[in-house]
There are 6 protein chains.
Amino acid sequence: MRIKIINPDYGMTTAEIQERINILQQVTGPDVELSMDCLRNSTVYIDSALDVALASAEIVQQAIQAEQQNYDGIILYCLSDPAVVACREAAGIPVLGGGQAAFLTAASLGYNFSLLCTSPQRIPEKKEFIKTTGVDPTRLCSIRSIDVNLSNIRKDMNKTIDFLAREGRRCVEEDGAEVLILGCLSFLGMAEAVSKRIGLPVIDPAMAVVTMMEGFIRQGLCHSQKSYPTPPRGSRTWLAGKVSINDKTN
Amino acid sequence: MRIKIINPDYGMTTAEIQERINILQQVTGPDVELSMDCLRNSTVYIDSALDVALASAEIVQQAIQAEQQNYDGIILYCLSDPAVVACREAAGIPVLGGGQAAFLTAASLGYNFSLLCTSPQRIPEKKEFIKTTGVDPTRLCSIRSIDVNLSNIRKDMNKTIDFLAREGRRCVEEDGAEVLILGCLSFLGMAEAVSKRIGLPVIDPAMAVVTMMEGFIRQGLCHSQKSYPTPPRGSRTWLAGKVSINDKTN
Amino acid sequence: MRIKIINPDYGMTTAEIQERINILQQVTGPDVELSMDCLRNSTVYIDSALDVALASAEIVQQAIQAEQQNYDGIILYCLSDPAVVACREAAGIPVLGGGQAAFLTAASLGYNFSLLCTSPQRIPEKKEFIKTTGVDPTRLCSIRSIDVNLSNIRKDMNKTIDFLAREGRRCVEEDGAEVLILGCLSFLGMAEAVSKRIGLPVIDPAMAVVTMMEGFIRQGLCHSQKSYPTPPRGSRTWLAGKVSINDKTN
Amino acid sequence: MRIKIINPDYGMTTAEIQERINILQQVTGPDVELSMDCLRNSTVYIDSALDVALASAEIVQQAIQAEQQNYDGIILYCLSDPAVVACREAAGIPVLGGGQAAFLTAASLGYNFSLLCTSPQRIPEKKEFIKTTGVDPTRLCSIRSIDVNLSNIRKDMNKTIDFLAREGRRCVEEDGAEVLILGCLSFLGMAEAVSKRIGLPVIDPAMAVVTMMEGFIRQGLCHSQKSYPTPPRGSRTWLAGKVSINDKTN
Amino acid sequence: MRIKIINPDYGMTTAEIQERINILQQVTGPDVELSMDCLRNSTVYIDSALDVALASAEIVQQAIQAEQQNYDGIILYCLSDPAVVACREAAGIPVLGGGQAAFLTAASLGYNFSLLCTSPQRIPEKKEFIKTTGVDPTRLCSIRSIDVNLSNIRKDMNKTIDFLAREGRRCVEEDGAEVLILGCLSFLGMAEAVSKRIGLPVIDPAMAVVTMMEGFIRQGLCHSQKSYPTPPRGSRTWLAGKVSINDKTN
Amino acid sequence: MRIKIINPDYGMTTAEIQERINILQQVTGPDVELSMDCLRNSTVYIDSALDVALASAEIVQQAIQAEQQNYDGIILYCLSDPAVVACREAAGIPVLGGGQAAFLTAASLGYNFSLLCTSPQRIPEKKEFIKTTGVDPTRLCSIRSIDVNLSNIRKDMNKTIDFLAREGRRCVEEDGAEVLILGCLSFLGMAEAVSKRIGLPVIDPAMAVVTMMEGFIRQGLCHSQKSYPTPPRGSRTWLAGKVSINDKTN
């Protein structure tokens, strides 16, 4: 079984990719082969809806390619599930994002859960996003963010785990959370340590999406053609260019 | 007051654009100036989430440009509100799509409403979409589609109105609708005729979004920076290319 | 276009009415004519459901009169939308209250909003009221009240604005609000100042309802006869009299 | 224990009132004394929100009087619970309407229920009303109406029961109802016969509200002063007059 | 009218039972006869879902017996409504638990209510439970627990009332509660004292379920055979034995 | 990895059990070992809430035993998830039922789904059950049942598949389903054939729960101790005996 992971951030090195594959491979069956690709032509890091808008075209192109290369499933390596619906329309193999997988996993481990994000700016969008994942949205207790720069998350992992455990404890004590979700795929491999500190289950969205995809492929399940119908046949071209965001004056 | 209407379909002629402007100008205040642009570089017509993924980049670019040209507001001329969130992040002037405007308008004219779409394929997506518009989703009675090709909608308008009135009556009699929404911006100018046949209010989403935008501008209101924060400063490039969808083999 | 505003409070002076009209006229199109009437025969100020019960008859009578005088629309100048449903049944022109208009406007400017009321006593009723406005009630973050007597609201406007800004900031910081709604029509003209202090959109319900009504009239839209059917034909008389509320002993 | 029943319809005869009391007395404890009053000064029959608007003042006045006369509880004898909130604000003894009582009773006898109304015109309003009763609104399967004139309901009771049983069966077979509610207090005494025909529980709202009120009084419970605060002290006068509804031209 | 109360805790003395009956008899009609049985063969006290699983068989057996002994109704004397659905399937007389009765009663006395439990451990389960009671779950403000051992609740009642009043006040002031529910049947007889301290209605679930059952019997109502169908005819045997829970090692 | 499957029906033969294991083993990773036990001491087949009440004690006992025997996870082989909450409280290894697993799987393959049951009698209970699974309950389009006796389901599998495909098509065409769930674990192995006939994904709940459990174990995840706290330490005995259900007279 071969799973293609599309990482919708630009320019990760081979070593960085391999590190992630190695960790994820620990939670798959022995017959599962993982492969990860980054964005190569769009210098975008998913940190806003604007970024999703700009990256979507290349994401879809990679998804179509993965199907042509006979992969068995496609994973969007991001909590925002960027372009997942478009990829499901375009591809005949299962497509799953880290966000939906994490929320559904949380729902089966307890009644009420919280999400730990990287930035307070993204909280409103995440609160909205959960309504589209199929999870009962009243199960979400709270969304909190930690005080760490995205690019530093994996540089000092112990510090990141400290931050996560501290905010996670507030979710439990102040908001009533019974389960926690790490709200960014860059927290890969930290859930177990956070869980030990807090004494409650903590979901690693990257692991959740990989094992859920493995399960879909084993069951021969693919998303519904009625929910995500194949778009009308025909070629489509689109714009090339450059957008600068400088305090809202381009 | 100057409002830019972004029509996210490719290649409309100047005459076609002018026809729409003329109709819409009838429902604006005398001091409102409307201007409409189509996609020029993306040969895309919004008929799927894939199309939205491909068109989003150019839509955002046009929105940024409209703000630079000192427009007072931006309208997405489509019921799916494509890239509206990205445009709100990128622009400091109000941005509104036809879908959200139509749903909110319907909610103030009666308790329960139905939507009349152009294709049965898009019904699941529309049912999902309403959850993100801020309208109480339990107000939606039903979504029905009419039997007419998108490109024929405006060729024989009387026939289209017949279809809309017939399906609209089923929404009222079988589904309990009290208000109807025309589910495509191409139905422009037909709501009044359908309403006369059925005896209930019928929302023209293009008119709804134009008058709602006019109201926002008069009140000096713009979307919340907290809901739609300005993305991190910096340039972003993205992919140019071509995607063919041929029965899921590229 | 002529809009009748029914102010369901007793005994406002001509000067007070004119002050409100002047402010509101700034947000209408140049072809809109506003006119406001107060209750003249019911010595009631809307500050409870009891007050609504007592004022309803005169409100309905004024609404019927406005239609006879060929007004194009009727506004209930109150956040509680008193007797709006009865007026919609009785009148064949659009009828809209400040509450529903404000909630629907808020829903299009961000995901989650809070309401700033004049009295903590009215909070439970307002929380209930939102369920009937057509807005997704899960969007309401919180309702908070400020510490100012109703009759003093417009005497020292800067002080009122201070109170609103202070409580509004708590809505944003403690409750997660992204948009604010001023919860009384007497806050007319203060939204802009509060918005500047807080950096987020603030809805003036009086302006919201006037521009929304203008939009309805331009579109030729009226509430649904199926939602608000004309009552059975015939005369109805009702009670005249006096009710004293003295600590629950009449 | 003495319970005052306010019947918000004009001009019932003493015999008609006594007939209702006799039936209701069969479901009360032996120590319960029922007394019913009609509207005497408002020539209104509750068949619209307009009627509620006109009758509210006299209803509230009767409620205040009932408390002065040392009644232990007040019942609004109508499925629309007219002016119940105003009466709760004005009175320090429990106040309950037939609608809320019937919905809460249904919720404890099965999962999903339907409502049988007297007129298709009132269905939208009833569907809205349930959201304010405290019952989980997703429990409502359907609202159907029977084909009988209000004034004939009690003239040929067997015929009315036939109609109710026929429509009730459709609720069960087509809509999935497990419990039925008779949607008008004039169906008094017919629930048992309908239940026997259908084989499922059928709620008589008049009986439901009387026994629920009896239970409140025995428990010493009264509605919350925080939900329904006493209005500000002071006299209020209101309008006397006459409204004619003639095809929307007064 | 004879009502059987099944107390799903083991080994209460005759005196303890009689004390409860005496208190409850004060809120019934003069023609109501109450009788209470405890578990006799299962040494279980309901303090977890495991306890419910173990006690269910004996509860059902007692319910079947009560019907055979011509009781008119069966009450489950517990806020968790243990085995109520199974009892409704097995018995042809009305069955009601303290939890559902308390929630439905609260819903008719105000908009929003809180629950006061005996242990913080049971809060997540209670929050889930309310979704199955037919009450609108958005009415629940909060669940708080007091600091008292179950076996001490009735030893120093004044102390228990102090704890309840203190936590209840926090529900009102911090969570917005307008009505309180005592979250354990062992708080019997304390609601009135708590209510006097707080100035808001406080529901005694034991009293609520007894008076609601009395009302059902007077109305001749029983739960729906469609919601709770009689199980297929036939004998069923089940396991006898012993389970020890010792830190998860049996 | 060793997974214990508890089949809460009495008296399956070794051959019947082996047939199920063989089918399920096809969807697991090569390193997964499945083992299934039936009820041995309770002559119960889960076909009502009463049956769940009677079987629960033995189910819990088997779950405790499975943990003692060092299994890595426990599956309840039934769509009703009988005693799952009690097992989660009692066991320190993950516990999952077929119902919750099937609903969560459906939610990730499309927006709206239907359930195909074995009996119309169980439809109300299933509609209620979904509210407790963590899935957004508004995603459920409909529940339909097929016309086949439980004991014949696997005797003529082609006939069962025919029935499922026919009813499934009605879910799609009349109710708007985009995904189907087979509503009984006895439909094991039939989903693929039904899916081919209908052209949409069909969930086999037994396969869904096995692959989801495999994923949990690989991730090291277990249900939350806060949601399902370990019950107070101590022995509990319970009743042995016999219950006969004969038309509600024992």
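**Note on helix packing, domains and chain contacts**

1. α8(A) passes α8(F) in a right-handed crossing. This is a predicted model: local features need pLDDT of at least 70, side-chain atom pairs count only at pLDDT 80 or more, and totals for chains, interfaces and linings use all residues. Residues are numbered from 1 along each chain as its sequence is written, chains are lettered from A and ligands numbered from 1 in the order in which they are written, and side-chain values use heavy atoms, with hydrogens and water left out. A crossing is left-handed if the near helix is turned anticlockwise from the far one by less than a right angle, and right-handed if clockwise.

2. The geometry of this pair comes next. Helix α8 spans residues 205–219 in chain A and residues 205–219 in chain F. The two pack at an angle of about 150°, and their axes are 9 Å apart. (Axes are lines fitted to C-alpha atoms, for helices over the stretch in contact; angles run from 0 to 180 degrees between N-to-C directions. Helices, H or I of at least four residues, and strands, E of at least two, are DSSP runs numbered from the N terminus.) On α8(A) the contact uses Met207(A), Ala208(A), Thr211(A), Glu214(A), Gly215(A), Arg218(A) and Gln219(A). Contact means heavy atoms within 4.5 Å. By class, the contact has 4 nonpolar, 6 polar and 4 charged residues. (Ala, Val, Leu, Ile, Met, Phe, Trp, Tyr, Cys and Pro count as nonpolar; Asp, Glu, Lys and Arg as charged; the others, Gly among them, as polar.)

3. Helix α2 (residues 49–68) of chain A meets helix α2 (residues 49–68) of chain B. Their axes come within 8 Å and cross at roughly 130°. The two helices are therefore oblique to each other. (Angles under 35 degrees count as roughly parallel, over 145 as roughly antiparallel, 65 to 115 as roughly perpendicular and the rest as oblique.) The crossing of α2(A) with α2(B) is left-handed. Among the contact residues are Leu50(A), Ala53(A), Leu50(B) and Ala53(B). The contact divides into 10 nonpolar, 2 polar and no charged residues.

4. Within chain A, helix α4 (residues 98–107) packs on α8(A) at about 90°, with axes 8 Å apart. The pair is therefore roughly perpendicular. Gly98(A), Ala101(A), Ala102(A), Leu104(A) and Thr105(A) in α4(A) meet Pro205(A), Ala208(A), Val209(A) and Met212(A) in α8(A). That gives 7 nonpolar, 2 polar and no charged residues.

5. Chain A is assigned domain 1 (2–98 + 208–219) and domain 2 (100–205). Such bounds come from an automatic or database domain assignment. The domain centres, taken over C-alpha atoms, are 21 Å apart. Domain 1 gives 19 residues to the contact and domain 2 gives 22 residues. About 1,600 Å² is buried between them, 59% of it from carbon and sulfur atoms. (Buried area is the accessible area, 1.4 Å probe, that two parts lose on being put together, summed over both.)

6. Chain F puts 6 residues in contact with 5 residues of chain B. These chains bury about 440 Å², 47% of it on carbon and sulfur atoms. Tyr111(F), Asn112(F) and Arg139(F) supply 69% of the area that chain F buries against chain B, more than any other three residues.

7. Two chain pairs stay apart. Chain A and chain D do not touch, and their nearest C-alpha atoms are 14 Å apart. No contact joins chain B and chain E, where the closest C-alpha atoms lie 14 Å apart.
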